[in-house]
Amino acid sequence: MAARYYCADSENGDHVDDPSEDTLFMLIGDLNDSDNTFVVIQPDQDDPVWFASVAVLDEGGYEVERRDTTRREHDVTLETNTDRIAGDLTKWLTARAS
């Protein structure tokens, strides 16, 4: 079954349809600086108009990018707290799914 709203894909091949906040927390927590450095969340469709990504930084922490071309939003932040990242992303994603 395809994702109803969006899917998350990590560099190591993990794919989750419509991930919950807990699932995003786990995907982000599984990131490392060798073979699983990022996760991308976007609509499960060709040529998506928005995406969010979380990438591990060499110096520690994460770079969180959110882009929505229809709303002309582009935001890049640095964060260390995976709980906060997962919660903020869940709120941001919910606004796109409605």
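Predicted model: local features only at pLDDT ≥ 70, side-chain atom pairs only at ≥ 80, totals over all residues.
Trainee: What should I know about the model before reading it?

Mentor: Local features need pLDDT of at least 70 and side-chain atom pairs pLDDT 80 or more, while totals for chains, interfaces and linings use all residues. Residues are numbered from 1 along each chain as its sequence is written, and side-chain values use heavy atoms, without hydrogens and water.

Trainee: How is a pair of aromatic rings described?

Mentor: By the distance of the centres and the angle of the planes. Rings of Phe, Tyr and Trp (its six-membered ring) pair if their centres lie within 6.5 Å; planes under 30 degrees apart are stacked, over 60 edge-to-face, the rest tilted. Y6 and W50 are edge-to-face, with centres 6.1 Å apart and planes at 70 degrees.

Trainee: What is the geometry of the pair formed by W50 and W92?

Mentor: Also edge-to-face, at 5.7 Å and 85 degrees. W50 lies in strand 4 and W92 in helix 2 (residues 82–97), so this pair ties together parts 42 residues apart in sequence. Helices (H or I, at least four residues) and strands (E, at least two) are DSSP runs, numbered from the N terminus. Y6, W50 and W92 make up one aromatic cluster.

Trainee: Which residues of helix 1 are buried?

Mentor: Buried means under 20% relative accessible area, exposed over 50%, partly exposed in between (1.4 Å probe, protein chains only). In helix 1 (residues 21–29), L24, L27 and I28 are buried. They fall within an arc of 95 degrees down the axis, so they line one face of the helix; the arc is that of directions from the helix axis to the C-beta atoms. On the other side, D22 and M26 are exposed.
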